[in-house]
Amino acid sequence: MTVGEIARIVNGKVIGNDTLEIKGISGIKEAQEGDLTFIANRKYLSLLQSTKASAVLVSPDICNSVPATLIQVENPSLAFAQIVSFVGPEPIAFQPGIHPTAIIGPNVRLGKDVSIQPYAVIEDYAVIGDRCVIGAGVYIGHYTILGNDCVIYPQVVMRERIKIGNRVIVHSGTVIGDDGFGYATVRGVHHKIPQIGTVEIDDDVEIGSNVTIDRARFDKTYIGRGVKIDNLVQIAHNVTIGENTIVVAQVGISGSTSIGRNVIIAGQVGIIGHLTIGDNVIIGGKAGVTKDIPPDTHVTGFPAREKWEDMRFQAYLRKQPAILERLKKLEERVAELETRLREKDGQSPKDP
Amino acid sequence: MTVGEIARIVNGKVIGNDTLEIKGISGIKEAQEGDLTFIANRKYLSLLQSTKASAVLVSPDICNSVPATLIQVENPSLAFAQIVSFVGPEPIAFQPGIHPTAIIGPNVRLGKDVSIQPYAVIEDYAVIGDRCVIGAGVYIGHYTILGNDCVIYPQVVMRERIKIGNRVIVHSGTVIGDDGFGYATVRGVHHKIPQIGTVEIDDDVEIGSNVTIDRARFDKTYIGRGVKIDNLVQIAHNVTIGENTIVVAQVGISGSTSIGRNVIIAGQVGIIGHLTIGDNVIIGGKAGVTKDIPPDTHVTGFPAREKWEDMRFQAYLRKQPAILERLKKLEERVAELETRLREKDGQSPKDP
Amino acid sequence: MTVGEIARIVNGKVIGNDTLEIKGISGIKEAQEGDLTFIANRKYLSLLQSTKASAVLVSPDICNSVPATLIQVENPSLAFAQIVSFVGPEPIAFQPGIHPTAIIGPNVRLGKDVSIQPYAVIEDYAVIGDRCVIGAGVYIGHYTILGNDCVIYPQVVMRERIKIGNRVIVHSGTVIGDDGFGYATVRGVHHKIPQIGTVEIDDDVEIGSNVTIDRARFDKTYIGRGVKIDNLVQIAHNVTIGENTIVVAQVGISGSTSIGRNVIIAGQVGIIGHLTIGDNVIIGGKAGVTKDIPPDTHVTGFPAREKWEDMRFQAYLRKQPAILERLKKLEERVAELETRLREKDGQSPKDP
């Protein structure tokens with residue numbers, strides 16, 4: 001493909017040689033001659049000078065004179081994604097149809113053109129929307145409902161009475177709708193509290209591998225439209241997550257906590273139960289959130305506090321050696337003063 | 001159901017209107033008119049005034065005059081759990097019997113009224129107790145023994161020679177008895193140390209989803225009676241956990257560590273190997289435990305120390321800005337003293 | 001077996017009674033009379049005096065006069081591992097052959113003496129090397145290639161186009177080659193970036209249970225020869241890990257980070273993306289790595305810094321109470337000096 005052809009696909013403007021042939025795609029650091037790459041973030045602009053890539057997708061405000069040919073587009077990441085799917089290997093196609101080994105309960109409703117792979121088990125009264133792909137060995141419980149165009153990768157488990165929207169992707173090994181963790185403790189013995197609620201997952205959600213999303217004690221655990229969840233995340237009973245929030249790998253969100261929209265929760269964050277996290281909040285990696293967070297706040301650390309506050313706090317802590325040094329000097333100066341004053345007292349006529 | 005009927009079920013005493021009709025159940029914050037709710041913890045008592053619930057299960061010492069009707073019971077959580085299972089949707093019933101697609105090894109012993117779901121694989125010499133439910137796609141290894149009344153959810157893996165007690169519940173995706181992580185390193189190359197021990201899980205244990213419990217190097221990894229383990233927990237080889245201990249999500253316990261009874265380990269805690277954690281210990285969320293903990297201790301932080309000590313330590317750290325301020329003032333005062341003393345020296349007749 | 005027979009197997013030298021009969025094997029602390037145990041680490045040498053074991057495998061430089069008989073060997077761990085596999089229960093043998101329920105795609109190539117267990121699904125064009133064991137319910141995607149002598153435990157998922165070396169062991173529930181976590185965000189909405197790369201895993205790698213290893217955005221995620229990965233680890237897209245590195249449970253490594261050879265990453269560590277971690281680095285448990293780490297460095301803490309630096313920093317922090325005490329005393333002494341100087345001024349003839 002030539003740079004010109006690429007520019008036409010992504011609706012971009014070429015600055016440089018549009019007859020250049022592109023042979024591969026790559027990240028800006030790893031790119032070799034013949035590669036197309038992109039810059040999504042201004043902080044990588046300096047790499048434009050050193051990249052070996054032949055062409056770079058950039059935003060329209062970038063027209064540096066660099067060795068590489070530039071293709072200006074509104075959103076370089078998105079344009080790159082388009083080209084990637086264009087040049088990448090053909091995605092694996094699962095043929096529509098129900099594999100003869102799939103076990104479909106008696107009252108299941110299957111949409112048009114579904115693909116049910118080997119050894120999938122779909123329990124009674126479940127509903128599978130049009131064009132869904134249900135991977136090998138997937139388990140879908142009684143009364144669970146999937147919208148249209150979902151892709152459920154091999155060995156996902158969805159328990160009973162779950163509701164899944166349209167275009168939801170769930171990766172392998174993920175468990176949706178297992179019991180929330182709740183007990184009534186009587187004299188040291190823990191009695192299970194039935195978890196009779198459910199899980200509802202809205203449209204366009206993607207969920208990584210080996211994630212666990214517990215069903216609610218009552219009512220529902222809710223994942224809003226467009227939320228993206230990475231691998232090995234734990235979402236406890238009755239949690240709600242607002243639209244377009246990002247949850248990075250190994251995060252744990254405790255019971256009944258409510259997360260706003262467009263929140264970013266970085267890796268290994270822990271959030272205690274019954275909190276309210278506002279819209280547009282950013283929670284830094286490994287933070288431990290112990291209090292409500294107002295909207296539009298960036299928090300870090302454990303206990304999590306506003307990032308500027310945490311940084312200032314950390315900076316203060318780093319002054320400890322200097323403090324000790326200053327304290328020691330001051331003690332010497334005071335001792336010296338005391339000595340001199342005592343000497344003076346010796347000289348003083350009125351001193352006893 | 002009326003409040004009176006509910007009170008009869010849970011053996012409670014009504015303070016208010018016992019003919020009131022209850023239409024739903026809910027948490028105290030989310031409750032609407034017509035709902036039954038409960039208060040398990042005195043710190044939520046203030047919500048009694050504002051809740052919209054029509055009736056509230058409370059402990060016998062609570063008789064506030066509030067809008068809602070109260071039902072006094074010994075243990076409100078437990079009573080609520082009873083009602084929940086009463087009014088909740090009928091639990092999914094897996095019919096007894098062996099699905100024709102289940103693969104049962106030649107010397108397997110199956111108890112009475114077991115339910116073996118599709119595509120379960122039960123290897124040779126395994127023993128499944130009476131009334132056990134073995135979910136779809138579950139794998140049970142050679143010589144593994146389950147007691148009576150266990151519920152093993154879809155896609156659990158139990159490797160060979162594991163021993164499981166009675167009434168044990170294991171949620172989907174959990175792996176019990178995979179090899180412990182042990183190598184002998186010779187000139188940088190790691191040679192696998194065979195893990196020939198096993199895992200033993202006592203009665204009434206519940207284990208969440210996608211948990212991993214490693215088999216012992218020799219002897220056994222042991223989970224005591226009544227222990228409750230949340231999702232995504234890692235339990236390494238030769239760990240032992242005492243009766244009724246609670247292990248919250250994403251905790252990691254390293255090899256050969258011994259945990260006492262009635263311990264509470266909050267989310268994302270890490271515990272290094274070869275430690276002894278006493279009975280009734282509480283370990284706060286995200287703590288990193290690096291030393292033995294004596295019984296009846298509440299620890300937090302990383303490295304974990306006693307909670308009061310950690311709080312005092314954190315409080316000290318927060319004084320850093322004040323310390324800097326005080327230090328600066330003190331330096332100024334000392335400089336002032338020095339100046340004045342120098343002036344005095346100038347005035348002094350005996351000064352050289 | 002006698003001590004003498006054991007010594008012959010491990011090529012060791014007996015110090016003591018070589019006709020002693022060994023009835024069991026155990027850790028040095030738990031050992032009983034009749035047991036064989038070992039000491040791998042000099043810091044456990046003191047246990048030699050108190051162990052009840054009848055015989056102990058030790059390194060050649062140890063010849064203390066202790067109650068137990070010693071067997072000197074070059075590598076006691078390795079020797080012990082040999083004996084363990086000798087005396088342990090017969091490992092579970094999966095007979096070679098393809099279970100009739102396994103589903104093998106039309107163009108799959110199977111090596112000699114493979115064992116394909118029930119309900120395994122091997123997609124079109126996959127290649128399985130000689131003597132591989134593919135456990136029950138394992139899913140192997142299109143075009144995925146396994147070398148010889150691999151053991152893939154039940155319910156592992158490997159997606160399409162993955163490449164696995166020889167003698168690789170993968171434990172249950174692990175997912176290899178699911179999509180990396182990448183989106184292009186346009187006005188708050190996250191658009192999936194196709195992940196068209198792959199995962200390549202070199203010879204002699206062992207991967208624990210419920211691990212997730214994402215496929216690359218382009219190019220590959222790479223796990224080097226001899227790497228050992230514990231349970232519940234997250235390895236993001238385009239990560240590379242060098243030879244013989246150890247990754248302990250619940251570690252998370254973010255996208256495009258490059259880890260050197262012979263690195264040790266302890267439990268629950270988090271590493272942000274796009275970093276370079278040098279060879280022979282040690283990263284302490286729960287550390288949060290936010291910067292590149294040069295080779296041969298031991299780091300701890302969050303943010304991770306060199307261990308000595310972190311320890312010194314922690315030691316400084318612990319001086320906070322003492323600092324406050326010293327500061328208070330100093331303030332009193334300065335106040336006292338000021339008072340006395342003021343008194344002196346009162347006595348001074350020249351004072352106004």
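Me: Two strands pair if DSSP finds at least two bridges between them. In this predicted model, what makes strand E11 and strand E14 of chain A a pair?

Reply: Strand E11 (residues 127-128) and strand E14 (residues 145-146) of chain A are joined over 2 bridges, and the requirement is at least two, so they count as paired. Their sense is parallel, and within this pairing A:Ile128 has A:Leu146 in E14(A) as its bridge partner.

Me: Which sheet holds these strands, and why are E8 and E34 of chain A said to stand at the edges?

Reply: Both belong to an open sheet of 9 strands in chain A, with parallel pairing and the order E8-E11-E14-E17-E22-E25-E28-E31-E34. Strand E8 (109-110) and strand E34 (276-277) of chain A each have a single partner strand, so one side of each is left without a neighbour in the sheet, and this places them at the edges.

Me: How do you know that strand E23 and strand E26 of chain A pair, and in which sense?

Reply: Strand E23 (residues 206-207) and strand E26 (residues 228-229) of chain A share 2 bridges in the parallel sense, which meets the threshold of at least two, and therefore they are a pair. Across this pairing, A:Glu206 stands opposite A:Lys228 in E26(A).

Me: What is the order of the open sheet of 12 strands in chain A, and which strands are at its edges?

Reply: The order is E6-E9-E12-E15-E18-E23-E26-E29-E32-E35-E37-E38, and the pairing in this sheet of chain A is mixed. Strand E6 (97-98) and strand E38 (305-306) of chain A are its edge strands, each pairing on one side only.

Me: Why are chain A and chain C described as related by a rotation axis, and of what order?

Reply: Chain C is superposed on chain A by a rotation of 120° with 0.1 Å of shift along its axis, at an RMSD of 0.2 Å. The two copies are therefore related as by a three-fold rotation axis.

Me: How many residues does each of these chains give to the contact, and what makes up the side of chain C?

Reply: Chain C gives 52 residues and chain A gives 55 residues. By class, the side of chain C that touches chain A has 26 nonpolar, 16 polar and 10 charged residues.

Technical notes: Residues are numbered from 1 along each chain as its sequence is written. Chains are lettered from A and ligands numbered from 1 in the order in which they are written. This is a predicted model: local features need pLDDT of at least 70, side-chain atom pairs count only at pLDDT 80 or more; totals for chains, interfaces and linings use all residues. Helices (H or I, at least four residues) and strands (E, at least two) are DSSP runs, numbered from the N terminus. Copies are superposed by least squares on the C-alpha atoms of residues with pLDDT of at least 70 in both. Two residues are in contact if their C-beta atoms, placed from the backbone, lie within 7 Å. Ala, Val, Leu, Ile, Met, Phe, Trp, Tyr, Cys and Pro count as nonpolar, Asp, Glu, Lys and Arg as charged, and the others, Gly among them, as polar.
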